[in-house]
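Here are my notes on the model you sent. Please read them with the structure open beside you.

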Amino acid sequence: MQIFTKKTELQDYLKKWFAGNTIGFVPTMGALHAGHLSLIEQSKKKCGVTVCSIFVNPIQFNDPADLAKYPRPIEHDIELLEKAGCDILYNPDVNDVYDGEPSIIQIDLGGLEKVFESKQRPGHFDGVVSVVKKLFDAVKPTDVFFGQKDYQQTLVVRKMIRYYNMPIKFYTCPILREADGLAMSSRNARLTAEEREQAINIYKALKEAALKQGLYTPTQVEEYMYTELQKNSFMEIEYASIVDPTDLKPIIDWQHSAVILVAVKVPSTRLIDNVLL
Ligand code: AMP
C-alpha cells in the first residue's frame with residue numbers, strides 16, 4: 001500500500017499509475033474496524049484502485065472532549081488496510097486538507113441541517129460537508145463508499161454531490177455488527193463493561209420495533225422503543241424516531257419505506273444506530 005500525506009503527491013501517483021481507472025474512495029477517521037474494512041472490500045470489488053483516507057476532522061466535532069478522546073492508532077490502521085488489500089492511504093494533516101486553517105463550507109441541506117444529528121451536534125454537518133468536499137477534490141474519486149451506520153451523513157453527502165454536480169457514484173454499505181448486534185464503531189472501545197452490556201439493547205429495541213411495523217402506528221412503535229430503551233438505567237435517549245428515509249421527515253403510516261433512527265448516550269459515549277424498513 002502506498003501512503004501519502006500530501007494531496008499533490010497522491011494526485012501525481014494516481015495520474016501516473018491509474019489513469020483511466022475507476023477510483024474508489026473510502027473516507028474515514030481511523031481507529032478502523034471490520035465495518036470500515038467492509039467499505040474497502042466493496043470498493044475493491046467495484047473499482048480499479050481503492051483509496052482510503054484517515055483524517056480526524058476537527059471541525060465536525062462540536063465537543064472538544066470527544067475530539068481529544070478520539071482514538072488514533074495509525075500503525076494498527078495501516079496494518080489492517082494492508083491486510084485488506086487497500087491500494088492507497090491518504091493520511092494528511094489539517095494544513096494539507098484545508099490548504100491552511102479549516103474553513104467551513106455551507107450548502108443548502110434542505111432541512112437535514114435541522115434534525116437528529118444536526119440538533120444534537122450543531123455545526124456537525126457543515127464540518128462533514130467541508131471535509132468531504134476537500135477530500136473529494138483531493139482524491140477525485142469516481143465512486144465513494146459510505147456506511148449506513150451514519151445514515152443522515154449518507155443523505156448529506158449525496159446532497160453535496162448533487163449540489164456540486166460531481167460525477168461520483170455513491171454507495172451506501174450495510175452496517176457491520178458485533179456478534180451480539182451492537183453496531184461496530186470506533187467509539188465502542190470507550191464503553192465500560194456495564195455500558196457495553198446495556199448497549200446491546202439498542203439493536204434489540206430496533207429489531208423488535210421493526211417487527212411491529214404494520215401492527216401499530218409509527219408513533220406507537222416509537223413509544224415502544226422509548227419504553228424499551230428507558231429500561232436501561234445508564235442510557236439517555238437523544239432520539240428514537242421512525243422517519244422517511246429520503247428526507248428524515250416524520251411519517252404517519254407505513255405506506256412508504258421508513259428508517260428507524262436511534263441515538264443514545266450511555267453515558268461515557270454517544271452511540272447511534274438505525275434500521276431500514
Ligand atoms: P468514521 O471513521 O466513523 O468517520 O467512519 C468512516 C466510514 O465508515 C463512514 O462511512 C461510516 O458510516 C462507516 N462505518 C462506521 N461504522 C460502520 C459499521 N459498523 N459498518 C459499516 N460501515 C461503518
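1. How many residues surround the ligand, and which are the closest? This is a predicted model. In it, the ligand has 16 residues around it, and Met29, Gly147, Asp150, Leu176 and Met184 are the closest.

2. Three of these residues can be checked for polar atoms facing the ligand. A polar backbone atom of Met29 sits 2.9 Å from an oxygen atom of the ligand. For Gly147, too, a polar backbone atom is 2.9 Å from a ligand oxygen. With Met184 the ligand atom is a nitrogen, and a backbone N or O atom lies 2.9 Å from it. On its own the ligand has 490 Å² of accessible area, of which the protein covers 93%.

3. Next, where the shell comes from. Strand 2 (23-28), helix 2 (34-46) and strand 5 (143-147) are the elements that each give two or more residues to the shell around the ligand. Helix 2 gives the most, with 3 residues. By class, the shell holds 9 nonpolar, 5 polar and 2 charged residues.

4. Ala31 deserves a look. Ala31 is not a glycine, yet its phi is positive, at about 50°. Is Ala31 buried or exposed? Its relative accessibility is 10%, so Ala31 counts as buried, the cut-off being under 20%.

5. Asp99 also has a positive phi, near 55°, and is a residue other than glycine. The loop that holds Asp99 runs between helix 5 (94-98) and helix 6 (117-120). Asp99 has a relative accessible area of 57% and is therefore exposed, since the cut-off is over 50%. Both angles are worth a second look because most residues other than glycine have a negative phi.

6. From Val266 to Pro267 the bond is cis, with omega near 5°. Most peptide bonds are trans. Pro267 belongs to the loop between strand 8 (259-265) and strand 9.

7. What is the volume of the largest cavity? About 50 Å³. The count of cavities of 30 Å³ or more comes to 1. Lining the largest cavity are Lys149, Leu182, Ala183, Ser185, Asn188, Ile202, Leu271, Ile272 and Asp273. Strand 9 (residues 270-276) supplies the largest share of this lining, 3 residues. The lining divides into 5 nonpolar, 2 polar and 2 charged residues.

8. Ser185 is one of the residues that line this cavity. Ser185 lies in the loop between strand 6 and helix 9 (193-211). Its relative accessible area is 17%, so Ser185 is buried. The side chain of Ser185 comes to 3.0 Å from the backbone nitrogen of Arg187.

9. The second largest pocket holds about 180 Å³ of space. It is lined by 15 residues, and Ile54, Phe55, Val56, Arg72 and Asn91 are the closest to its centre. This lining has 11 nonpolar, 2 polar and 2 charged residues.

10. Last, Met166. This residue is in the loop between helix 8 (151-163) and strand 6 (169-173). Met166 counts as buried because its relative accessibility is 14%. Between Met166 and Asp143 there is a separation of 23 residues in sequence, and their C-alpha atoms are 11 Å apart in space.

How values were computed
Residues are numbered from 1 along each chain as its sequence is written. This is a predicted model: local features need pLDDT of at least 70, side-chain atom pairs count only at pLDDT 80 or more; totals for chains, interfaces and linings use all residues. Side-chain values use heavy atoms; hydrogens and water are left out. A residue is near a molecule or strand if one of its heavy atoms lies within 4 Å of it. A polar contact is a pair of N or O atoms within 3.5 Å; within protein, one must be able to donate a hydrogen and the other to accept it, and residues adjacent in sequence count only if both atoms are side-chain atoms. Accessible areas come from the Shrake-Rupley method with a 1.4 Å probe; for residues, only the protein chains shown count as cover. Helices (H or I, at least four residues) and strands (E, at least two) are DSSP runs, numbered from the N terminus. Ala, Val, Leu, Ile, Met, Phe, Trp, Tyr, Cys and Pro count as nonpolar, Asp, Glu, Lys and Arg as charged, and the others, Gly among them, as polar. On a 1 Å grid over the protein atoms alone, a cavity is a set of points where a 1.4 Å probe fits but cannot get out, and a pocket is an open set with protein on both sides within 12 Å along at least five of seven lines; lining residues have an atom within 4 Å of a point. Grid points are joined across faces, edges and corners, and a volume is the space filled by probe spheres set on the points. Buried means under 20% relative accessible area, exposed over 50%, partly exposed in between (1.4 Å probe, protein chains only).
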